[in-house]
Amino acid sequence: MGDWLVQIFRSSYDTLYMATFIVAIFLFISGFDDIFVDLYYWFHHWLMKKKFNKFRYETPEKLYQLEEKTIAIFVPAWHEQDVIDKMLLNACRTIQYKNYDIFVGVYPNDPGTISRVELVSKQYPNVHAVVADKPGPTTKADNLNGIHAGMIKWENKTGVRYDIIVMHDSEDVIHPLSLKVDNALIPEYDMVQMPVFPLDTSHLNLVHWTYADEFAEYHTKDLFVRQHFSGFVPSAGVGTAFNRWIIEFVGTSFAKNIFRTNALTEDYDLALRLALGRANLLFVYKPFGIDCATRGYFPHSMGASIRQKSRWITGICLQSWQTIGWRGDAKFRFVLYRDRKAVIANIINFFAYIVILYLISYEAIRLGFAAYRELPPIVTKGTILWDLVVIDSLLMIWRIMHRFVTVRRVYGIWAAILSIFRLPISNIINFSATGRALYQFTKAALRKKELKWEKTAHHFPTATEHSS
């Protein structure tokens with residue numbers, strides 16, 4: 001090593017110091033609203049658990065005593081010929097409920113999916129293919145509006161009237177008792193969201209497991225806080241049940257546009273509009289003592305995950321900000337901020353890795369080689385930056401601890417340990433998805449074009465995978 005390395009580190013000192021300070025400040029601010037959510041959860045979980053999650057402690061016998069309301073399950077589909085028949089057959093064979101129909105939204109230029117749905121409908125007449133008026137793909141919201149119109153046509157033809165609408169995707173493993181839970185909770189609640197957990201699969205599928213880590217924390221902790229603190233429970237798009245009459249009320253043009261056709265996250269958008277209208281939204285974890293959740297495979301490749309998450313970021317963070325703005329009281333705006341800060345948080349978290357790695361290299365060379373000890377330290381004890389770094393380090397340990405606890409709750413100890421090492425992969429995916437979302441959103445705005453539904457390739461588990 002020569003003087004040139006000293007010059008490189010010396011010339012980069014001011015830039016590294018400023019970058020470290022900016023990252024430390026943001027992590028400090030972001031970390032404290034995370035701590036508020038955590039403390040709110042644990043306080044209620046330990047001291048008010050029966051009120052905080054009251055339906056968990058009711059007996060399951062109640063589910064079988066209630067008269068079954070009519071339920072319509074909506075499944076949007078575009079090029080799902082590889083999975084849709086498996087999903088429908090599994091649902092029809094396992095769901096412990098009689099009074100339901102499944103409506104699958106398909107496109108006229110997707111004959112493969114149509115044929116698979118029609119094949120299942122010959123065996124199970126409660127499965128219906130609803131063919132869209134125009135070729136696909138449109139948006140998922142447009143597809144769902146088409147399903148709703150098809151449901152009404154079926155009602156007019158048969159005289160049936162559906163009381164509950166449940167949303168699912170073509171790769172979902174639906175819990176056998178989920179419709180009975182929805183039947184028990186609606187119409188007391190206008191929307192019921194059950195947990196969504198990725199299937200337990202090989203730990204070599206790192207990308208899939210990043211979803212498992214995030215959903216475990218979000219769907220066993222954060223959603224409780226959102227419901228009790230603000231009343232706003234975002235729909236996950238699957239495992240969501242609606243009081244049919246309420247969501248038609250929030251639609252326009254005589255309930256023909258329940259889902260905003262230009263919304264990339266139509267599930268979040270609908271739940272947000274319901275919450276702003278003071279609808280009664282509920283999140284339930286292990287209702288009636290049953291581990292009732294929707295399971296499924298999530299993307300296994302970085303590219304597929306980035307595409308999917310960029311759609312989520314566009315819809316939840318950017319489109320909702322553009323169309324809804326900042327409404328509601330202080331509590332409601334706080335949860336909106338929690339959603340939308342992801343645009344900045346995902347970027348800062350990624351750059352934090354770069355800053356930390358460079359900082360470690362700088363300090364290691366400065367302290368490890370006598371020739372470089374003339375370089376000034378970046379973080380000096382007794383300074384504001386030192387205090388920020390110490391606090392941020394504690395916040396990081398706190399965050400890792402909560403990720404460990406929540407993943408262990410759903411997937412066990414080994415998955416919880418590995419979740420710590422998957423954090424960097426999750427942050428890299430989220431950073432890349434954020435960059436892609438910002439680029440596509442800006443490009444569409446400048447060209448005044450609507451964003452299209454980007455299909456995620458789906459896989460339905462085999463009997464062996466499902467049983468595991």
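**Exercise 1. The chain as a whole**

Among contacts in the chain between residues at least 6 apart in sequence, what percentage join residues at least 24 apart? Describe also the overall dimensions and surface of the chain.

*Solution.* The model is a predicted one, in which local features need pLDDT of at least 70 and side-chain atom pairs count only at pLDDT 80 or more, while totals for chains, interfaces and linings use all residues. Residues are numbered from 1 along each chain as its sequence is written, and side-chain values use heavy atoms, with hydrogens and water left out.

Step 1. Contact means heavy atoms within 4.5 Å. Of the contacts between residues at least 6 apart in sequence, 81% join residues at least 24 apart.

Step 2. The C-alpha trace spans about 85 × 50 × 45 Å along its principal axes. The radius of gyration is taken over C-alpha atoms, and the globule rule is 2.2 Å times the number of residues to the power 0.38. Because a compact globule of 468 residues would have a radius of gyration near 23 Å, the 24 Å of the chain agrees with it.

Step 3. Buried means under 20% relative accessible area, exposed over 50%, and partly exposed in between (1.4 Å probe, protein chains only). In the chain, 54% of the 468 residues are buried.

Step 4. Accessible areas come from the Shrake-Rupley method with a 1.4 Å probe, and for residues only the protein chains shown count as cover. The chain exposes about 21500 Å², of which carbon and sulfur atoms supply 62%.

Step 5. Helices (H or I, at least four residues) and strands (E, at least two) are DSSP runs, numbered from the N terminus. The chain holds 17 helices and 9 strands.

**Exercise 2. The surroundings of D38**

Determine whether D38 is buried or exposed, and find its partners.

*Solution.* Step 1. D38 belongs to helix 2 (residues 13-47). Its relative accessibility is 1%, so D38 counts as buried.

Step 2. Leaving aside residues up to four places away in sequence, D38 touches K221, W398, R399 and H402.

Step 3. A polar contact is a pair of N or O atoms within 3.5 Å; within protein, one must be able to donate a hydrogen and the other to accept it, and residues adjacent in sequence count only if both atoms are side-chain atoms. The side chain of D38 makes such a contact of 2.8 Å with the side chain of K221, and another of 2.7 Å with that of W398.

**Exercise 3. Helix 13**

Identify the buried residues of helix 13 and a contact at its start.

*Solution.* Step 1. Helix 13 covers residues 330-340, and its buried residues are F332, V335, L336, R338, D339 and R340.

Step 2. At the start of helix 13, a side-chain oxygen of D329 comes within 3.2 Å of the backbone nitrogen of K331.

**Exercise 4. Backbone details in loops**

Locate two cis peptide bonds and two residues with positive phi.

*Solution.* Step 1. G136 and P137 are joined by a cis peptide bond with omega of about 0°; P137 is in the loop between strand 3 (127-131) and helix 7 (140-158).

Step 2. I186 and P187 are likewise joined by a cis peptide bond, with omega of about 15°.

Step 3. H79, not a glycine, has a positive phi of about 55°. With 37% relative accessibility, H79 counts as partly exposed.

Step 4. R278, also not a glycine, has a positive phi of about 65°. With 78% relative accessibility, R278 counts as exposed.
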